[in-house]
Amino acid sequence: MNNPKLGFAWSARIVAFVNLPILLTCNLILKSRLPPRNPGPILDFKYFKDPAFSFFSVGFFFVLWGTSFDRN
């Protein structure tokens, strides 16, 4: 029996072809449950007055910064 090998490239394409109609169907059927919000500032500094949020933001920045370094 002939058993051709697809390889990674065609496997990725097949997964994309399977996901495409599913995601298109979902996007056509879904309905927003919340009204659109009024645009505001991208970065609102009033939330940084809360110490817990400030410490979390600074700590998370350093965690992401530490994981982004290339160690080679």
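Trainee: What links F45, F48 and F53 into a cluster?

Mentor: Ring pairs do. This is a predicted model, and rings pair if their centres lie within 6.5 Å. The structure holds 6 aromatic pairs. One of them joins F62 and W65, with 5.8 Å centre to centre and 40 degrees between the planes.

Trainee: Why is the pair of F62 and W65 called tilted?

Mentor: Stacked needs planes under 30 degrees apart, and edge-to-face needs over 60. The angle for F62 and W65 is 40 degrees, so the pair falls among the rest, which count as tilted.

Trainee: Where do F62 and W65 lie?

Mentor: Both are in helix α2, residues 51–67. They sit 3 residues apart, about one turn of the helix. An α-helix has 3.6 residues a turn, so residues three or four places apart point the same way.

Trainee: What makes F17 exposed?

Mentor: Its relative accessible area is 53%. Exposed means over 50%, so F17 qualifies. F17 is found in helix α1, residues 7–29.

Trainee: How do you know that the span of α1 is close to the expected one?

Mentor: α1 has 23 residues, and 33 Å is expected at 1.5 Å a residue. From first C-alpha to last, α1 reaches 34 Å.

Trainee: Where does α1 bend?

Mentor: At N19, by about 25 degrees. A proline, P21, follows within four residues.

Trainee: Why do D44 and K46 count as a salt bridge?

Mentor: The rule asks for a Lys or Arg side-chain nitrogen within 4 Å of an Asp or Glu carboxyl oxygen. The N to O distance between D44 and K46 is 3.9 Å, so the pair meets the rule. The count comes to 1 salt bridge. D44 is partly exposed at 28% relative accessibility, whereas K46 is exposed at 51%.

Trainee: Is D50 buried or partly exposed?

Mentor: Partly exposed, with a relative accessible area of 41%. Buried means under 20%, so D50 is not buried. D50 is in the loop between α1 and α2. Its C-alpha is separated by 50 Å from that of W10, 40 residues apart along the chain.

Notes. Residues are numbered from 1 along each chain as its sequence is written. This is a predicted model: local features need pLDDT of at least 70, side-chain atom pairs count only at pLDDT 80 or more; totals for chains, interfaces and linings use all residues. Side-chain values use heavy atoms; hydrogens and water are left out. Buried means under 20% relative accessible area, exposed over 50%, partly exposed in between (1.4 Å probe, protein chains only). Helices (H or I, at least four residues) and strands (E, at least two) are DSSP runs, numbered from the N terminus. The expected span of a helix is 1.5 Å times one less than its number of residues. The bend at a residue is the angle between axes fitted to the seven residues ending there and the seven starting there.
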